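Have your viewer ready and your selection tool at hand. We will go from stop to stop, selecting residues and looking at what surrounds them.

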Amino acid sequence: MERKIITTGDGSKTIQISEWDEQYHSKHGAVQEAYHVFIKHGLSLFFGKKVNVLEIGFGTGLNAVITYIESKKNNTEVRYTGVEAYPVSVEEIQQLDYISELKAEEFQKDLEKMHVSPWESDILISENFILNKEQKLFADITDENIFDLVYFDAFGARVQPELWTEEIFAKMYHAMKKHGVLVTYAAKGSVRRAMIAVGFEVERLPGPPGKREMLRARK
């Protein structure tokens with residue numbers, strides 16, 4: 001499918017899949033959305049602690065980049081697993097230029113290492129940040145009781161409803177530790193019901209720019 005770089009509402013860039021009319025991040029603001037959903041309502045709950053993060057949809061690496069930056073600011077030790085079935089090319093990531101957008105030039109070498117490092121390996125990005133990128137389908141996740149925090153950032157249910165089912169959320173539930181947290185930009189009633197059906201406690205929260213609500217689930 002054709003992919004092209006577009007500029008979103010806050011000036012940051014993302015990738016658009018033309019056939020689906022779907023973006024990797026909100027067209028209202030890629031960076032704004034990432035910070036609002038995954039940092040404000042997810043990672044911030046673990047600032048100053050050790051946290052094991054699973055990202056569903058590693059995509060452009062934006063969520064990993066901002067998690068790294070915020071972990072540095074807030075003395076947080078992170079082990080980060082990003083699952084992606086169809087990796088974005090390094091060339092595309094360079095065009096997105098998130099390092100400049102986030103004014104994170106001081107971390108440039110570390111952030112570049114995220115994208116050029118091999119998949120299926122633990123990579124020490126810095127003293128307190130380990131990254132493992134796994135290329136596989138979400139349905140193939142078999143982890144048990146490992147993750148404190150899940151960033152559920154799959155493509156929307158409009159284009160990939162199979163990623164927002166009870167079967168997938170059951171895999172998330174089993175992969176998480178007790179009291180673990182899952183955050184997603186989604187707010188559809190069917191998504192919330194699927195989460196509840198597998199055992200999550202789910203709350204609606206104010207959404208990022210362009211969305212009224214988002215969901216946060218706890219095990």
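The tour below visits helices first, then strands and their salt bridges.

**Before you start**

This is a predicted model, in which local features need pLDDT of at least 70 and side-chain atom pairs count only at pLDDT 80 or more, while totals for chains, interfaces and linings use all residues. Residues are numbered from 1 along each chain as its sequence is written, and side-chain values use heavy atoms, with hydrogens and water left out.

**Stop 1: helices α1 and α2**

Select residues 30–40 for helix α1 and residues 62–73 for helix α2. Helices here are DSSP runs (H or I, at least four residues), strands are runs of E (at least two), and both are numbered from the N terminus. Two packed helices are described by the angle between their axes and the distance between the axes. Here the axes of α1 and α2 come within 10 Å and cross at roughly 65 degrees. Those axes are lines fitted to C-alpha atoms, for helices over the stretch in contact, with angles running from 0 to 180 degrees between N-to-C directions. The crossing of α1 past α2 is right-handed, a term used if the near helix is turned clockwise from the far one by less than a right angle.

Now show side chains. From α1, Ala30, Val31, Ala34, Tyr35, Phe38 and Ile39 meet Leu62, Asn63, Ile66, Thr67, Ile69 and Glu70 of α2; contact means heavy atoms within 4.5 Å. By class, this contact has nine nonpolar, two polar and one charged residues. Ala, Val, Leu, Ile, Met, Phe, Trp, Tyr, Cys and Pro count as nonpolar, Asp, Glu, Lys and Arg as charged, and the others, Gly among them, as polar.

How many of the eleven residues of α1 are buried? Eight are, which leaves the helix mostly covered. Buried means under 20% relative accessible area, exposed over 50%, and partly exposed in between (1.4 Å probe, protein chains only). Color the buried set of α1: Ala30, Val31, Glu33, Ala34, His36, Val37, Phe38 and Ile39.

**Stop 2: Ser71 on α2**

Stay on α2 and pick Ser71, which is buried at 5% relative accessibility. Beyond its neighbours within four places in sequence, Ser71 is in contact with Thr76, Val78 and Phe129.

**Stop 3**

Next, select residues 108–116, helix α5, and highlight its buried residues Leu111, Met114 and His115. They sit on the same side of α5, because they cover an arc of only 90 degrees around the axis; the arc is that of the directions from the helix axis to the C-beta atoms. An α-helix has 3.6 residues a turn, so residues three or four places apart point the same way. Turn to the other side of α5, and you will find Lys109 and Val116 exposed. The buried residues of α5 pack against α2, α3 (90–96), α4 (98–101), β6 (123–126) and β7 (129–134).

**Stop 4**

Go to strand β4 (residues 50–56) and select Asn52. Asn52 is buried, with a relative accessible area of 13%. Not counting residues up to four places away in sequence, Asn52 touches Arg79, Ile146, Phe147, Asp148 and Leu149.

Follow that list to Asp148, which forms a salt bridge with Lys177, their closest N and O atoms being 3.4 Å apart. A salt bridge is a side-chain nitrogen of Lys or Arg within 4 Å of a carboxyl oxygen of Asp or Glu. Asp148 lies in β8 (residues 147–152) and Lys177 in β9 (residues 176–184), so the pair ties together parts 29 residues apart in sequence. Asp148 is buried at 14%, whereas Lys177 is partly exposed at 30%.

**Stop 5: the Glu203 network**

The structure holds nine salt bridges. Select Glu203, Arg216 and Arg218, which are linked in a network of them. Between Arg216 and Glu203, the closest N and O atoms are 2.8 Å apart. Arg216 is in β11 (residues 213–218) and Glu203 in β10 (residues 201–206), so the pair ties together parts 13 residues apart in sequence.
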